[in-house]
Amino acid sequence: MAPVDIAIVGWSQSSLVSAAPVSEPHLCLQTVTAAIAHSGVGLREIGFTCSGSCDYLSGGPFVFVANLEAAGAWPPISESHVEMDGAWALYEAWVRLQEGDIDTALVFGSGKSSPSDRAQLYPQQMDPYYLAPLGADPDSLAAIQARALIDSGKATERDFAEVVQRSLRNAKSNPNVVQSGDFDIDALLAAGYVNSPLRPHDLPPVTDGAAAVVLATADRARQLTDRPVWIRGIDHRIEPHYPGVRDLTSSPSAALAARKAGIGDGAVDIAEISAVYSPQEIILREALGLGDSVAVNPSGGALAANPVMATGLIRIIEAARRVADGSARRVLAHAAGGQCLQQNLVCIMEAE
Amino acid sequence: MSSEPCAIIGIGQTKHSKARVDVSEAGLVREAALRALEDAQLTFKDIDAVVVGKAPDAFEGVMQPELFLADALGASGKPLLRVHTAGSVGGSTVIVGSHLVEAGIHERVLVVAYEKQSDGNAQWGLGGGRGGSIGAGGAFAPFIRAYMERSHAPEYIGWMVAVKDRLNALKNPYAHLRIEDISLEKVKESPMLWDPLHFLESCPSSDGACAMVLTNAAGARSVPNPAWILASAVRSEMGQFPGRDAVRPRAGVECAHDVYERAGITNPRQQIDVAEIYVPFSWYEPMWLEGHDIAELGEGWKMTDRGDTEITGSFPVNPSGGVLSSNPIGASGMLRMAEAALQVRGAAGEHQVDGARVSLGQAYGGNAQYFAMAVMGASLDAVSG
């Protein structure tokens, strides 16, 4: 049986800042409260809640348990949690809504990157026997991926800088980013390397933040809003962990997820993609089949603000809100997990 | 919209022990996954999606380990979800997987849960990584003492559960603890860890994994004895606030009522043939019998006292030996679901409950605030009026 259409009927983002002065549950509470208000659904009416976060970002076990307070888990709620970006929490909620016994779901994703040093933290995410002992950090792995891309002839360092220039220019119209502005390509290229061939501007900013989305089944969505944003397809795929066994210049898992989500059914107007390092946008454009007519990351994307565990869910929100305001008809949102785009999710949304 | 029935057609678990030094994390999950696939007469190629569950990553010191386990679980090119709902996660993982089948998204889903606690220090992890951790026993002991006060249960009830589950474990080749000479006296004389909990009333710290293959009605035709997930439910509540009843948490009561209603159960005590319940400390057997309205308030311990919960009793609880005999935390909830499924498949071996047609699997976690429950049946109409 084909999946039924589920709509996005409400959303919210917290302030995305380099170091939030409040706790993660506090960020979640503000954001969930605002998304619920936006949707018009009462918090007590929510049929299922799913959140995405990562213990390690906060350096302790069971960190997500405190986020339950944001979900208003009293009286008790039907609830689950993924140790993944909130985009995957949205996927789980979308699956749950397919069964038809409930008509609304609340999703949120949150993370505070500011307390940790990513060069120390993320090697713990790599295979503990062969990669973690090497201190395989994300900036180094992204640089290996960027180098492979250059060596393949698919891109140059100038191409990376152009991605950055456009992303940060787009971010100027988005009040909720950590960085934005007009940058000269040659000036960007004059900067020294962080990890060759990556320069500081090719890396995402450290960001704290949260995002929340309310989903509804078709009948409920039409009661709630005149402009539901329909999820026409959503799929996610993973590929091998070891960078050495992958072609890092392509993303077959993103391509497959896009195909399963129905990318072939029609052109998209805009795409919000989780390219946290600038070369990844070039890889994802090819994998997702995004031509020059597609506006990529009009929000500024992850290079403007990268609240880990909410970045992907925010891509869904940024794409959805452009459908809701009528500026786009069919849109694609993408989320990523792991290093070098190991895991990818694609969500395709449309207006009525 | 409609919902497909979901069946369990393959079940695998590792030999659980204090330290599985013979395998890596990948080797551990693969051992369980391959056994589940073999049981289902399938290979990794037949699987459409993988759902991985485990408790805090701090237990092993690997952040989001499912990313590196993707290769060992044959997940490349497939969807892989990672669930984390504290101690209930093994149960939640099965339920997330069952929804993928019920919603018609996938035909065959591999669910896997594990913990390799010897890679780290679970006591440290359970305490939030902070010094002076009181551990899970320290957290639950006051709830247990409160239950004893409320129900007027004699102290030996906890010892009885500890003995029963360890005797059951002797019939389970996968169980971690094998205490041949277990006795009430031995439990009573074991060191007091967290009053009123003695050492032998507590679960061990184990390495282990569990895996299951879930499928739809068409897929279930491939095996002679599928277990059907007749209903599932999850509930969560905040862990600490004034007035919260931590002895009989409302989330546990409501989760039970939800799963019974979905399964068509009106009298759980009569209609459920066997239960696998998360009992990490002996007293949680009577506490959950009351907390899930299987026994009347104050009557749960009397079921234990009468021997009702023994394998040959009228309401067997944890014939596998339960969490008291094997506790790889992330896997423990899935082991409850797997053992409940084995019972209705008639495949539980020496610890089989005669004639089991309807079983209950339950897991809880956090500060007794997360619940995952499922009712399994030998057939889709196994629940009788």
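Visitor: What makes the contact of α6(A) with α11(A): which residues meet?

Guide: In this predicted model, Gln145(A), Ala146(A) and Leu149(A) of α6(A) meet Pro279(A), Ile282(A) and Ile283(A) of α11(A), contact being defined by C-beta atoms, placed from the backbone, that lie within 7 Å. The helices are DSSP runs (H or I, at least four residues; strands are E, at least two), numbered from the N terminus. Residues are numbered from 1 along each chain as its sequence is written, while chains are lettered from A and ligands numbered from 1 in the order in which they are written. As the model is predicted, local features need pLDDT of at least 70 and side-chain atom pairs count only at pLDDT 80 or more, whereas totals for chains, interfaces and linings use all residues.

Visitor: Why is α6(A) called oblique to α11(A)?

Guide: The axes of α6 (residues 138-151) and α11 (residues 278-288) of chain A cross at roughly 55° and come within 9 Å. Such angles run from 0 to 180 degrees between N-to-C directions of lines fitted to C-alpha atoms, for helices over the stretch in contact. Under 35 degrees counts as roughly parallel, over 145 as roughly antiparallel, 65 to 115 as roughly perpendicular and the rest as oblique; α6(A) is therefore oblique to α11(A). The crossing of α6(A) with α11(A) is left-handed.

Visitor: What makes α7(A) roughly perpendicular to α11(A)?

Guide: The axis of α7 (residues 157-170) of chain A crosses that of α11(A) at roughly 95° and comes within 8 Å of it, so α7(A) falls in the roughly perpendicular class. Asp159(A), Phe160(A), Val163(A) and Val164(A) of α7(A) form the contact with Ser278(A), Pro279(A), Glu281(A) and Ile282(A) of α11(A). Five of these residues are nonpolar, one is polar and two are charged.

Visitor: Why are α4(A) and α12(A) also called roughly perpendicular to each other?

Guide: Helices α4 (residues 86-98) and α12 (residues 311-324) of chain A pack at about 65°, their axes 5 Å apart, and they are therefore roughly perpendicular. Gly86(A), Ala87(A) and Leu90(A) of α4(A) touch Gly312(A), Leu313(A) and Ile316(A) of α12(A).

Visitor: Why is Glu83(A) called buried?

Guide: Glu83(A) has 28 other C-beta atoms within 10 Å and is therefore buried, the rule being 20 or more for buried, 12 or fewer for exposed and partly exposed in between. Glu83(A) lies in the loop between β3 (79-82) and α4 of chain A. Not counting residues up to four places away in sequence, Glu83(A) touches Cys54(A), Gln64(B), Arg82(B) and His84(B).

Visitor: How do you know that the radius of gyration of chain B agrees with a compact globule?

Guide: The globule rule, 2.2 Å times the number of residues to the power 0.38, is set against a radius taken over C-alpha atoms. For 385 residues a compact globule would be near 21 Å, and chain B has 19 Å, which agrees. Of the 385 residues of chain B, 65% count as buried. Chain B has 14 helices and 11 strands.

Methods. Two residues are in contact if their C-beta atoms, placed from the backbone, lie within 7 Å. A crossing is left-handed if the near helix is turned anticlockwise from the far one by less than a right angle, and right-handed if clockwise. Ala, Val, Leu, Ile, Met, Phe, Trp, Tyr, Cys and Pro count as nonpolar, Asp, Glu, Lys and Arg as charged, and the others, Gly among them, as polar.
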